[in-house]
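Q: I have this one open and would like to go through it with you. Can we start with how the terms are meant and then move on to the fold?

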Amino acid sequence: MPTKKTVTESAVMAALSKVQEPELHRDLVTLNMIRDLSIAGDKVSFTIVLTTPACPLRNRIEQEAKQAVAGIPGVGSVEIKLDSNVPSDGELEGL
């Protein structure tokens, strides 16, 4: 029987729930900023959806998220994409 740890989505989300968004002072999971979580063997990838494309703390958020997930037993690599949720200009509102 293999002794290798299986990485689970709940373990990744639990690790990311300890990463704070520095300006909003709440964690990435509570703020629903984690999207497209994928686990393939020991490789974990996901997207962090930032509140603004010019987020001044994006590097800090990415680094802290990578460190949190890399600390999970069984994780070999972490790939993070950064995206931003830009509100629409309101033209389609109410349709």
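This is a predicted model: local features need pLDDT of at least 70, side-chain atom pairs count only at pLDDT 80 or more; totals for chains, interfaces and linings use all residues.

Q: Fine. Which helices and strands are there, and what pattern do they follow along the sequence?

A: The protein has two helices and five strands, and reading along the sequence gives the pattern α-β-β-β-β-α-β.

Q: And how much of the protein is buried?

A: Of its 95 residues, 27% count as buried. The accessible surface comes to about 6200 Å², and carbon and sulfur atoms account for 50% of that area. As for contacts between residues at least 6 apart in sequence, 57% join residues at least 24 apart.

Q: Back to Glu-64, then: what does it form a salt bridge with?

A: Its partner is Arg-60, with the closest N and O atoms 3.2 Å apart. Glu-64 and Arg-60 are four residues apart in helix H2, and are therefore separated by about one helical turn. Arg-60 is partly exposed as well, at 42% relative accessibility.

Q: How many salt bridges does a search of the whole structure find?

A: The search finds two. Besides the pair in H2, the side chains of Lys-43 and Glu-79 meet in a salt bridge, at 3.3 Å from N to O. Because Lys-43 lies in strand S4 and Glu-79 in strand S5, this pair ties together parts that are 36 residues apart in sequence. Both ends are partly exposed, Lys-43 with a relative accessible area of 37% and Glu-79 with 38%.

Q: Now the strands. Which sense do S3 and S4 pair in, parallel or antiparallel?

A: S3 and S4 pair in the antiparallel sense, over five bridges. Ile-34 has Ile-48 as its bridge partner in S4, and Arg-35 has Thr-47. The two strands form a hairpin with two residues between them, and Gly-41 in the turn has a positive phi of about 65°.

Q: And S4 with S5, parallel or antiparallel?

A: That pairing is parallel, and it runs over eight bridges. Within it, Val-49 stands opposite Asp-83 in S5.

Q: How many residues of S4 are buried?

A: Seven of its eight residues are buried, so S4 is largely enclosed by the rest of the structure.

Q: Which residues touch the most other members of the largest nonpolar core?

A: That core has 20 residues, and Leu-28, Phe-46, Ile-48 and Val-69 touch the most other members. Helix H1 (9-16), strand S4 (43-50), helix H2 (58-70) and strand S5 (77-84) each supply at least two residues, and S4 gives the most, with four.

Q: What does Phe-46 touch, leaving aside residues up to four places away in sequence?

A: Its contacts include Leu-16, Ile-34, Leu-37, Ala-65, Val-69, Val-78 and Ile-80, and the charged residues Arg-35, Asp-36, Glu-79 and Lys-81 are also among them.

Q: Leu-16 takes me to H1. Which of the residues of H1 are buried?

A: The buried residues of H1 are Val-12, Ala-15 and Leu-16. They cover an arc of only 95° around the axis, which puts them on the same side of H1. These residues pack against strand S2 (26-27), strand S3 (34-40), S4 and H2.

Q: Changing topic to the backbone: where is Asn-32 found, and what is its phi?

A: Asn-32 is found in the loop between S2 and S3, and its phi is near 55°, a positive value in a residue other than glycine. At 48% relative accessibility, Asn-32 counts as partly exposed.

Q: You listed Asp-36 among the contacts of Phe-46. Is Asp-36 buried or exposed?

A: Asp-36 is exposed, with a relative accessible area of 60%. The residue is found in strand S3, and although it is not a glycine, it has a positive phi of about 55°.

Technical notes
Residues are numbered from 1 along each chain as its sequence is written. Side-chain values use heavy atoms; hydrogens and water are left out. A nonpolar core is a set of buried Ala, Val, Leu, Ile, Met, Phe, Trp, Tyr and Cys residues joined through side-chain atoms within 4.5 Å. Buried means under 20% relative accessible area, exposed over 50%, partly exposed in between (1.4 Å probe, protein chains only). Contact means heavy atoms within 4.5 Å. Accessible areas come from the Shrake-Rupley method with a 1.4 Å probe; for residues, only the protein chains shown count as cover. The arc is that of the directions from the helix axis to the C-beta atoms. Two strands pair if DSSP finds at least two bridges between them. A salt bridge is a side-chain nitrogen of Lys or Arg within 4 Å of a carboxyl oxygen of Asp or Glu.
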